[in-house]
Amino acid sequence: MANQAAVIGSGVMGHGIAQEYALAGYTVNLYDLKEELLSKARRSVETSLSLLVREQVISEQARQDALERIILTTDLQAAVAQADVITEAIPEVIELKWELFEKLEQFAKKDAIIASNTSTFSIAKLIEKAKTPQRFIITHFFNPAQLVPLVEIVRGEQTADEVVSTIMEIMVKIGKSPVLLKKDVPGFIANRLQAALMREAFYLLQEGVTDAEQIDTVMKDGIGFRWAFVGPIETADFGGLDTWKRVIENLAPVLDASQKAPALIEERVAKGELGTKTGSGIYSYADTAVEEKLKARDEQFIRLAKMKRG
Ligand code: NAD
């Protein structure tokens with residue numbers, strides 16, 4: 001069984017993925033372009049592991065062991081040479097990913113699995129230039145990768161069956177809930193569902209039907225409250241398919257169907273107002289400690305995960 005992992009790119013997603021592998025007992029080489037990026041990633045992992053200890057999800061010993069298993073490096077060849085499974089989590093730019101894959105095929109063991117954390121590219125596009133397509137697969141984690149259970153798995157036509165079964169086993173071993181897609185479609189399942197909902201949320205905001213706080217409350221106290229335990233297809237069954245037939249027939253014609261990003265998002269992006277990372281987005285974070293907000297979010301996710309497991 002695989003026990004050596006490598007994660008390429010230590011940003012928002014990479015450090016969380018590395019943490020999950022390390023907690024499950026893998027030695028993880030975490031690679032990035034610069035030392036300071038790796039130091040930041042290590043601090044994030046330390047903070048996250050400490051929170052897990054405080055919430056009694058893991059022991060202090062497990063925290064220390066996991067930290068020891070994560071080796072930081074700016075040497076790509078050394079990072080992947082012994083790895084059984086390599087996860088790519090670099091920016092969503094196809095040329096960068098192709099360039100990296102070429103190096104990985106050169107440096108990695110012949111039977112190492114190469115998994116991409118892409119959120120938008122099809123596996124067919126990712127492996128367009130690959131010489132060993134049989135070892136490529138998508139493992140799409142969700143932010144924060146160390147806390148959200150779901151990982152979408154997408155195989156290519158040429159991905160070996162053994163790679164698929166091994167990656168499914170590995171995902172379960174690292175505590176994830178893997179979902180293997182039957183077809184390679186853009187956005188996979190979760191981002192398609194999420195994008196459909198986001199489009200309508202911004203439409204309602206833009207049309208002045210309500211404000212941002214109310215939309216978020218409707219989601220958190222209503223739809224989202226249910227969705228942590230009952231999925232949309234079950235919701236349709238529970239509500240009655242006759243009822244849902246009428247709901248969709250009556251509402252589908254009036255739902256937003258625009259083909260581009262909402263104007264509100266376009267405007268904010270043009271002004272450099274990108275959300276928490278710039279201090280304002282739709283909401284303003286000028287007077288808010290973003291770190292505190294993220295910590296509170298993570299605490300809530302940990303408690304929800306405990307409840308779901310229980
Ligand atoms: P990020 O920008 O936070 O991190 C990317 C890291 O990769 C950076 O630290 C950067 O220095 C490093 N990097 C850049 N070029 C590199 C190269 N050529 N080789 C190695 N490392 C390089 O990005 P992120 O949000 O972690 O996203 C990474 C991937 O995960 C993307 O494909 C993204 O679409 C996907 N993803 C992101 C999210 C999310 O919510 N952020 C969720 C799911 C999937």
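Lys97 reaches the ligand with a polar side-chain atom 2.7 Å from a ligand oxygen, a polar contact in the sense of N or O atoms paired within 3.5 Å. This is a predicted model, where local features need pLDDT of at least 70, side-chain atom pairs count only at pLDDT 80 or more, and totals for chains, interfaces and linings use all residues. Numbering runs from 1 along each chain as its sequence is written, and side-chain values use heavy atoms, without hydrogens and water.

| Residue | Distance to a ligand oxygen |
|---|---|
| Asp32 | 2.5 Å |
| Lys97 | 2.7 Å |
| Asn117 | 2.9 Å |

On its own the ligand exposes 830 Å², and the protein buries 76% of that (Shrake-Rupley areas, 1.4 Å probe). The ligand has 21 residues around it, with Met13, Asp32, Glu92, Lys97 and Ser119 coming nearest; "around" means a heavy atom within 4 Å. By class, that shell has 10 nonpolar, 8 polar and 3 charged residues.

Now for the second largest pocket. Its volume is about 470 Å³, and 20 residues line it, with Glu20, Leu147, Gly175, Ala305 and Arg309 nearest the centre. A pocket here is an open set of points on a 1 Å grid where a 1.4 Å probe fits, with protein on both sides within 12 Å along at least five of seven lines, and lining residues have an atom within 4 Å of a point. The lining divides into 12 nonpolar, 3 polar and 5 charged residues. Domain 1 (4–180) and domain 2 (190–309) each give at least three residues to this lining.

Technical notes:
Polar contact = N/O pair within 3.5 Å; in protein donor to acceptor, adjacent residues only side chain to side chain. Nonpolar A, V, L, I, M, F, W, Y, C, P; charged D, E, K, R; others polar. Points joined across faces, edges and corners; volume = space filled by probe spheres on them. Domains from an automatic or database assignment.
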